[in-house]
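Subject: Structure handover

Hello,

I am passing on a structure that you have not worked with before. Please look it over first; my notes on what was found follow below.

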Amino acid sequence: MIEIAAQDRLGDFTLDVRLSVPDAGVTALFGPSGSGKTSLLNMIGGLRSPASGRIVIGESVLFDSDRRIDVPPEKRRIGYIFQEGRLFPHLTVQRNLVYGLRRTPNSERYVEPDQVIALLGIEALLDRRPARLSGGEKQRVAIGRALLSSPQILLMDEPLAALDAARKAEILPFIERLHGEITIPIVYVSHAMDEVLRIADTVAVFREGRVEAVGPVEELASRLDLTGQAGFGEAGTVLAAHVVEHDEAHAVTALDTPAGRIMVGRLDAPVGAKTRLRLRARDIALALEAPRQASFLNVLEGTVATLEQRDTGAVDVAVEIVPGVRIWAEVTQLAVERLALSERKPVHVLIKSVAVERYVR
Amino acid sequence: MEPISADEWIAISLSLKVGVWSVIVSLPFGVFFAWLLARRDFLGKSLLNGVIHLPLVLPPVVVGYALLVLLGRKGLIGEPLYEWFGLSVAFKWEGAAIASAVMGFPLMVRAIRLSLDTVDRGLEDAARTLGASRLAVFATITLPLIMPGILTGIILSFARSLGEFGATITFVSNIPGETRTLPIALYNFTQIPGGDLQAFRLAVISVVLALAALLISEILTRRVQARLGQ
């Protein structure tokens, strides 16, 4: 586990974080800028010391104010990927890459330059200096440099924030592949939910220096009480899914989810690929019986679990499909009355295929 | 007539020797104090900053006199140094080098400090996360990045040394072959009847030397900057 307790003050900003997340997979620190995500990352990395607290990764205690432990950054075995890359301008790409490697004892190395260079596709850049790289190339080299120091954890501070959409699309697959090939925990700071949905397993939602909620991405992303957060996205349900089959003739893809099979528009991912589906609550319709002649490709049966009226008058209806799996539907008060919706009433959930947001992982 | 006479050579080589040694001796201190002023906060920082910059605003004669009081044979430091170790820089070219170093020091510190201020601290943090100790970070990241500032500091302090007159003549006097550097030799010729031509020749030599120093620094700075990818 990664166990963090950190308290600190900077001016009138107070950071008070308690966090315990698995030391495997990708943990996203999500929240608006100024909510303390980067400060916490710097504390894990040893670039900033909290006033008090304790930071433990697996077996290694990196910081403990009670026991006066504060391991210097160079001894923490962390790979830190900064928002701006921070490549050394006076060194070639090659020498940037081996900067950390040269300082890592042989016994602690678990990757070789050739492997990382191939993974990141930077063979052609080795002799260049950072000034002659594009933003996306810089970020790939920065990732490679961090990896080659064979860290026990990777810290990524919005590695995509400085990039345009095209460059983001260029880098994201590398981070995902990395995750598949090298099994070290990654702590990933982000203020964009679509990034979190693509790469994270666990998410901690930050707000004004505190962790407001922490848990598996599907669970937290489906919580309506968090949707007020900037960048969180609209209220809805996030389901883990994997591709079952493609119907090329009709350009649709079938996916298995905990809520059952869901058809979406043709997805560019192989059979078996892990994805996440996001069903916006306002795109979901409810019906008392399955419509016989309608364009909805997805009709799931369930029972109403909860009904909550919003300030706006709309009603959030949670429909339990199987125990523990609920789908949110946002309907009007009028619809609730017409269907006489109440708790435990059986309903059909209607999902338009084209309205489903897909995040290939 | 010879292009450059033997006496002129003596003055030129003495000036160059004094200049080179003053730079060599002051450079490590210059880097250290520039780093101290740029990166550390401590009690008395303003005072230290003021003391380092004093030679820039004081009459050079005052600096020369202060050196005499401190390092002369009867000086506060000079006397025990001579009594115990038989060491003395008074009336020696080494003394001229020290006078030059002191006069050029504020220029050197300023140039290095300015370039330290432009170094992205984030790069130093990044290097530490990659396993480099503070000292290794300084040697492999900070030092190469401030190289343009160090070069500028070296040239400014060297050029200042070539032009040093007041502090030198006050501290180590005017001894041919030992402390009679170019400017002092020039001054000397202006004081003897019929020395006009020699004075003029030395003035031209001084200009050529100063220009050469500037030119070399320009070329070096460009090369370094190209290496830094700027």
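Before the details, some conventions. This is a predicted model, in which local features need pLDDT of at least 70 and side-chain atom pairs count only at pLDDT 80 or more, while totals for chains, interfaces and linings use all residues. Residues are numbered from 1 along each chain as its sequence is written, chains are lettered from A and ligands numbered from 1 in the order in which they are written, and side-chain values use heavy atoms, with hydrogens and water left out.

Chain B overall

Chain B has eleven helices and zero strands (DSSP runs numbered from the N terminus: H or I of at least four residues for helices, E of at least two for strands). Its C-alpha atoms fill a box of roughly 70 × 45 × 30 Å along the principal axes.

Helix pairs

The angle between α6(B) and α7(B) is about 140°, and their axes lie 10 Å apart (axes are lines fitted to C-alpha atoms, for helices over the stretch in contact, and angles run from 0 to 180 degrees between N-to-C directions). On the α6(B) side the contact (heavy atoms within 4.5 Å) is made by B:L123, B:E124, B:A127 and B:R128. The α7(B) side supplies B:R134, B:V137, B:I141, B:T142 and B:L145. By class, this contact has five nonpolar, one polar and three charged residues (Ala, Val, Leu, Ile, Met, Phe, Trp, Tyr, Cys and Pro count as nonpolar, Asp, Glu, Lys and Arg as charged, and the others, Gly among them, as polar).

α5(B) and α8(B), residues 147-163, pack at about 160° with axes 8 Å apart, and are therefore roughly antiparallel. Among the α5(B) residues in the contact are B:S100, B:M103 and B:G104; those of α8(B) include B:G149, B:I150 and B:T152. The contact holds eight nonpolar, eight polar and one charged residues.

In chain A, the axes of α3 (residues 113-120) and α4 (residues 135-147) come within 10 Å and cross at roughly 155°. α3(A) and α4(A) are therefore roughly antiparallel too. A:V116, A:L119 and A:L120 of α3(A) meet A:R140, A:I143, A:G144 and A:L147 of α4(A).

Pockets

The largest pocket holds about 650 Å³ of space. A pocket is an open set of points, on a 1 Å grid over the protein atoms alone, where a 1.4 Å probe fits, with protein on both sides within 12 Å along at least five of seven lines; lining residues have an atom within 4 Å of a point. The volume is the space filled by probe spheres set on the points, which are joined across faces, edges and corners. Of its 20 lining residues, B:P55, B:L67, B:A101, B:V102 and B:F105 are the closest to the centre of the largest pocket. Its lining has 19 nonpolar, one polar and no charged residues.

The second largest pocket has a volume of about 500 Å³. Closest to its centre, out of 15 lining residues, are B:R39, B:R40, B:R121, B:E124 and B:R134. α1, α6 and α7 of chain B each give two or more residues to this lining, and α7(B) gives the largest share, five. The lining divides into six nonpolar, two polar and seven charged residues.

Regards

Terms used:
Angles under 35 degrees count as roughly parallel, over 145 as roughly antiparallel, 65 to 115 as roughly perpendicular and the rest as oblique.
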